[in-house]
Amino acid sequence: MSSKNWMEYTVTEEDAGMNVEQIVRQKLNVSGRMMQRLTRSKGILLNRKQPFLQRQVKAGDQVAVRVVDRQPLPDASPAASERVVAQESIPPIEFLYEDNHLLIVNKPAGMMVHPIKQERSGTLVHVLADLFLAKGEQLNIHPVHRLDKETSGAILLAKSSYGHQMADRLLRDGGIHREYLAVVNGAVADESGTIDAPIGRDQKHPTKRKVVNTGDHAVTHYEVTKSSAQMSLVRVWLETGRTHQIRVHFAHIGHPLAGDTMYGAARGLMRRQALHAAVLRFEHPVSKEEITVNAPVPADMRRLIQAEFQ
């Protein structure tokens, strides 16, 4: 049993009277849904054996759950051999952080995070799966949050269902600090501020969003770091994570992001919205270590910042 693939908990004297299921749920933080999946796949062990989940545990017992998804072994069939990928054919992705559970990469602009409809290649999830496959690992990659196709920067992904469950809970509890750099049109009057305006679908456009009274609660905080007569460089952090939130909120206050033609800006130097996910910070849900990752600003935004503010 590889310790990389399993998370173990040693039962203490204080746990007396608890059963295997309670240990797994309460001490290893496994959700009910994942509990069912682990039970079906024989992913729960008591002292390295398959247990009856209602069995009471005693001090010193080892309870383990599988934290790496079990993958089918590659076979020699043509279908399997087609899935072996040459590493040279995979677009380069910058890894910013990796451990047994989580992965943070610097997503390039122009790449979708997750497949939509029938897409079978080219998304970040596909590219990462191919990258691991080329190294001999078969992984199901789970995005913890999303970035728009044309937004670059740091994105958190999980390498297993267990890692995804833990990170998703952290996200829902507000435990992941996400910070962005944006270049917006016009000189923003206030040096810092908060935009609190509900966001909903634009009924006239299939993918566009707008501020509407019936929309979802959305809060964006910002601080202006540089400004000119034409533009402002702002540091932005989110309290909520609505689709297109930063783009919608800055357009709403009259400062659409540079290059964001969907929300009223001219194209100019940027061929996309000038938005980059610069920082991710959180307490690791498994190790409890403080993780801070900075994603380097891509060349197109660096050129715009240099041309406008230096």
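Where in the chain do Arg172 and Asp168 both lie, and how many residues apart? Both sit in helix H5, residues 161-172, four residues apart, about one turn of the helix. Helices (H or I, at least four residues) and strands (E, at least two) are DSSP runs, numbered from the N terminus.

**Before you start**

This is a predicted model: local features need pLDDT of at least 70, side-chain atom pairs count only at pLDDT 80 or more, and totals for chains, interfaces and linings use all residues. Residues are numbered from 1 along each chain as its sequence is written, and side-chain values use heavy atoms, with hydrogens and water left out.

**Stop 1: the whole chain**

Show the C-alpha trace. Along its principal axes it spans about 70 × 50 × 40 Å. The chain has seven helices and 15 strands. Of its 310 residues, 46% count as buried. Buried means under 20% relative accessible area, exposed over 50%, and partly exposed in between (1.4 Å probe, protein chains only).

**Stop 2: helix H5**

Select 161-172. H5 has twelve residues and reaches 16 Å from its first C-alpha to its last. That is close to the 16 Å expected at 1.5 Å a residue; the expected span is 1.5 Å times one less than the number of residues.

Now show the side chains of Arg172 and Asp168. They form a salt bridge, with the closest N and O atoms 2.9 Å apart. A salt bridge is a side-chain nitrogen of Lys or Arg within 4 Å of a carboxyl oxygen of Asp or Glu. Arg172 is exposed, at 59% relative accessibility. Asp168 is partly exposed, at 23%.

Colour the buried residues of H5 next: Ser161, Tyr162, Gly163, Gln165, Met166, Ala167 and Leu170. Then step past the end of the helix. Gly174 follows H5, and its phi is positive, near 75°.

**Stop 3: the salt-bridge network**

A search of the whole structure finds nine salt bridges. Select Asp148, Arg247 and Asp260, which are linked in a network of them.

Begin with Asp148 and Arg247. Their side chains meet at 3.0 Å, N to O. Asp148 lies in the loop between strand S6 (142-143) and strand S7 (152-158) and Arg247 in helix H6, so the pair ties together parts that are 99 residues apart in sequence.

Turn to the other link. The side chains of Arg247 and Asp260 meet at 2.8 Å, N to O. This pair also links distant parts of the chain: Arg247 is in H6, while Asp260 is in the loop between H6 and strand S14 (275-283), 13 residues apart.

Are Arg247 and Asp260 buried or exposed? Arg247 counts as buried, at 6% relative accessibility. Asp260 counts as buried too, at 1%.

**Stop 4: the largest pocket**

The pocket holds about 1100 Å³ of space.

The terms come from a 1 Å grid over the protein atoms alone: a pocket is an open set of points with protein on both sides within 12 Å along at least five of seven lines, and lining residues have an atom within 4 Å of a point. Grid points are joined across faces, edges and corners, and the volume is the space filled by probe spheres set on the points; the probe is 1.4 Å.

Colour the lining by type. It divides into twelve nonpolar, 14 polar and 14 charged residues. Here Ala, Val, Leu, Ile, Met, Phe, Trp, Tyr, Cys and Pro count as nonpolar, Asp, Glu, Lys and Arg as charged, and the others, Gly among them, as polar.

Which elements each supply at least two residues of this lining? Strand S8 (176-185) and helix H6 (245-252) do. The largest share, four residues, comes from S8.

**Stop 5**

Seven bridges join the two strands, which run antiparallel; two strands pair if DSSP finds at least two bridges between them. Val183 stands opposite Leu233 in S13.

Glu223 stands opposite Arg235 in S13. A hairpin joins S12 to S13 through three residues. S13 is mostly covered: six of its eight residues are buried.

**Last stop: Thr12**

Select Thr12, in the loop between strand S1 (6-10) and helix H1 (20-27). Thr12 is partly exposed, at 29% relative accessibility.
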